[in-house]
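Colleague: I am new to this structure and would like to understand the terms used for it. Could we look at it together?

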Amino acid sequence: MKQTKNATSWRSLSAISVGNALEWFDWTLYATFSVYLANNLFDKTDSRSAMLSTLAVFAAGFFARPVGGLVFGRLGDRLGRKGVLVATMLLLAFSSLGIALIPTYENSGLFASFALLVFRMFQGLAHGGETGVSYTYVAEIAPRRHRGLWSSSVYAGVIVGVIAATLVAAALTALLDAGAMNSYGWRIGFAIGGVLGIYAIFMRKSVEESHVFEQQEKVAEKKLSRGDMFRIARNLVMLNCTTNVAYYTWVTFAPATAISNGMDPGGAYRASLIAMTLCVFWLPVCGMISDRFGRKPVMIAWGLSVVALTYPIATMVTTEPHTLFFAQLIALGAWGLIASIFPAVLSEQVPTQARAQGVGFVSSVSVAIFGGTAPYLNAYLTDIGQQNLYHYYVMFLGLVAIAAGLIIRETAGVDLAEIGTSSARADGTEIGGSNMHATELAER
């Protein structure tokens, strides 16, 4: 029976990972095709203003994410994780197909810009709900001693989705000339994303409900104190801020930034693709390291890496694609430390009855403030000749990550059902030392 349960959990994990990949395929296309969106859906007589407007809409989508995190997270905590995972994918597929069909600014004027904003807000709602529920779901179905490893599948899926979007961009730019790409090629990418999103809906309908959630329904909820809520929110924000800024600076917008600085688009996409492919294999290694040595050492190593590597990564990229490859390889090597355990460590901070809503809402607020504004802030400071200020900003957030690693509780191997309950130790460290060994022995 245990083998049957493990097989079911693996199938559910696979379905969620594929869904994550397809979701981030859609999400990444916006950044990848931002130049074409600016040319087609805004007034292109002022190219600088059009690009900044496109990035502003990109940021606006992030401000819809807290609403999605709050609404879908609450539904996930009340009704279950499975149904919400289907609903968020449905909304995302609709948004991607909608963007593919928006008429140009030349034909419809401001309606084109407004429609892009609306569909981007729908994407934000879907992602806000997806974040809390998918992170929570994967953490809850994972074996305690291997939660870091299972957690790594979430961002492995994310990277696969980003790779797929990059491959589509590279293929389209290779097959179509510049005029065709600007005219309709970018629409093909969004249409593909929408169709694949529909496929992910059917996959997610087959997953099992989280057993941790089902157990929680049978026991009385413990109301969180204001002190508990503040501590949880503080930890989640500190974990989120550096991770989000680094991701959108080093991963999502790195090729677009290099292209805008004169790098050949095909070369930039290929360099980024190879670096991200290598990262997929690095993520589970980092997850296993955290299961073996704990979350805290990995988080501290991540913060130190941000402080030490931000400036070298930013200054080593020239117009040659190989410089982008090495910069992203280094950046992704560091980022993999936190990305591998991100869903697990966030879920390990919040009790079951509030986990999806807490992780989704607080994470989405953090993404909106830090991740959504990162590309715009970077572009603006670069445009006015103050790019070093942006580097200092990222390095400061690296210090915040170090602080998070120092103050957060060690949660590797904790029983998620016992977080916030009387089973936790009085000093607040639910596991550690002999308690962790007891957990491991109980599972064997």
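Modeller: What follows is a set of questions about the words used for this structure, each answered from its definition.

Modeller: This is a predicted model, in which local features need pLDDT of at least 70 and side-chain atom pairs count only at pLDDT 80 or more, while totals for chains, interfaces and linings use all residues. Residues are numbered from 1 along each chain as its sequence is written, and side-chain values use heavy atoms, with hydrogens and water left out.

Colleague: Why is Arg81 called buried?

Modeller: Buried means under 20% relative accessible area, exposed means over 50%, and partly exposed lies in between, with a 1.4 Å probe and protein chains only. Arg81 has a relative accessible area of 0%, and therefore it is buried.

Colleague: Where does Arg81 lie, and what is it in contact with?

Modeller: Arg81 lies in helix α4, residues 81-100, where a helix is a DSSP run of H or I with at least four residues, a strand is a run of E with at least two, and both are numbered from the N terminus. Contact means heavy atoms within 4.5 Å, and, leaving aside neighbours within four places in sequence, the residues in contact with Arg81 include Gly76, Glu140, Glu209 and Arg355.

Colleague: What makes the approach of Arg81 to Gly76 a polar contact?

Modeller: A polar contact is a pair of N or O atoms within 3.5 Å; within protein, one must be able to donate a hydrogen and the other to accept it, and residues adjacent in sequence count only if both atoms are side-chain atoms. A polar atom of the Arg81 side chain lies 3.1 Å from the backbone oxygen of Gly76, so the distance falls within that limit.

Colleague: Is Asn40 buried or exposed?

Modeller: Asn40, found in helix α2 (residues 34-41), is buried, because its relative accessible area is 8%. The side chain of Asn40 reaches the backbone oxygen of Tyr36 at 2.9 Å, and, apart from neighbours within four places in sequence, Asn40 is in contact with Thr104, Tyr105, Asn182, Ser183 and Trp186.

Colleague: Why is Tyr311 called partly exposed?

Modeller: Tyr311 has a relative accessible area of 39%, so it belongs to the partly exposed class. The place of Tyr311 is in helix α13, residues 295-315, and, not counting residues up to four places away in sequence, Tyr311 touches Asn388 and His391.

Colleague: How do you know that Tyr376 is partly exposed?

Modeller: The relative accessible area of Tyr376 is 33%, which means that Tyr376 is partly exposed. Tyr376 is found in helix α17 (residues 374-383) and touches Leu52, Leu55 and Ala56, not counting residues up to four places away in sequence.

Colleague: Where is the kink in α8 centred?

Modeller: The kink in α8 is about 50° and is centred on Tyr184, the bend at a residue being the angle between axes fitted to the seven residues ending there and the seven starting there. Helix α6 (residues 110-141) has a kink too, of about 30°, centred on Glu130.

Colleague: Why is α6 said to be largely enclosed by the rest of the structure?

Modeller: Of the 32 residues of α6, 24 are buried, and so the helix is largely enclosed.

Colleague: What makes Phe94 and Phe122 an aromatic pair, and why is it called tilted?

Modeller: Rings of Phe, Tyr and Trp (its six-membered ring) pair if their centres lie within 6.5 Å, and planes under 30 degrees apart count as stacked, over 60 as edge-to-face and the rest as tilted. The structure holds 16 aromatic pairs. Phe94 and Phe122 are 6.0 Å apart centre to centre, with 50° between the planes, so they form a pair that is tilted. The pair links distant parts of the chain, with Phe94 in helix α4 and Phe122 in helix α6, 28 residues apart. Phe94 counts as partly exposed at 46% relative accessibility, and Phe122 counts as partly exposed at 27%.

Terms used
Expected span 1.5 Å × (residues − 1).
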